[in-house]
Amino acid sequence: MDFKAKKPTEAPVAQFTDESLATTALADASELVSMLKGARITVESHVKPAGKGADAFWEQMAENRATLIRDHLAAKMGDETGDIVAKGLQGPKSNNNVVVKLDLTPPEK
């Protein structure tokens, strides 16, 4: 999924470049996660600063993108979501992508 590019002079609002494509991909992801009941889910958004703007802008952009994905997954999965964690990460090693991690370790009793 691609996100619309934002400049540090704009609000760090996360938006998909292609809403239809994102919706389809997230529907597939939510179906997979639904089959893995009890899986812990972490959505990570990695943002590489464009060389301009404060770190706070890029951190917020990364967090907002992860939250957008988390919210879409939660809406599609209903009560089956458990806790979905959204993490925004930025820095020189980031590569402007979103990672959905599934922890398949059985929940502790």
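Helices here are DSSP runs of H or I with at least four residues, numbered with the strands from the N terminus. The model is predicted. Just after α2, Gly 78 has a positive phi of about 60 degrees.

Q: Why is Phe 57 called buried?
A: Its relative accessible area is 9%. Buried means under 20%, so Phe 57 qualifies.

Q: What makes Trp 58 count as buried?
A: Trp 58 has 6% relative accessibility; the cut-off is under 20%, so the label holds.

Q: Why is the pair of Phe 57 and Trp 58 called edge-to-face?
A: The planes are 85 degrees apart and the centres 4.8 Å apart.

Q: Why is the pair of Phe 3 and Phe 16 called stacked?
A: The angle between the planes is 25 degrees, at 5.5 Å centre to centre. Planes under 30 degrees apart count as stacked, so this pair does. Phe 3 and Phe 16 are both buried, and they lie 13 residues apart in the segment before α1.

Q: How do you know that the span of α2 is close to the expected one?
A: α2 has 23 residues and reaches 33 Å from its first C-alpha to its last. The expected span at 1.5 Å a residue is 33 Å.

Notes: Residues numbered from 1 in each chain as written. Predicted model: local features only at pLDDT ≥ 70, side-chain atom pairs only at ≥ 80, totals over all residues. Heavy atoms only, no water. Helix = DSSP H or I, 4+ residues; strand = E, 2+ residues; numbered from the N terminus. Expected span 1.5 Å × (residues − 1). Phe/Tyr/Trp six-rings, centres within 6.5 Å; stacked < 30°, edge-to-face > 60°. Buried < 20%, exposed > 50% of the residue type's maximum accessible area, 1.4 Å probe, protein only.
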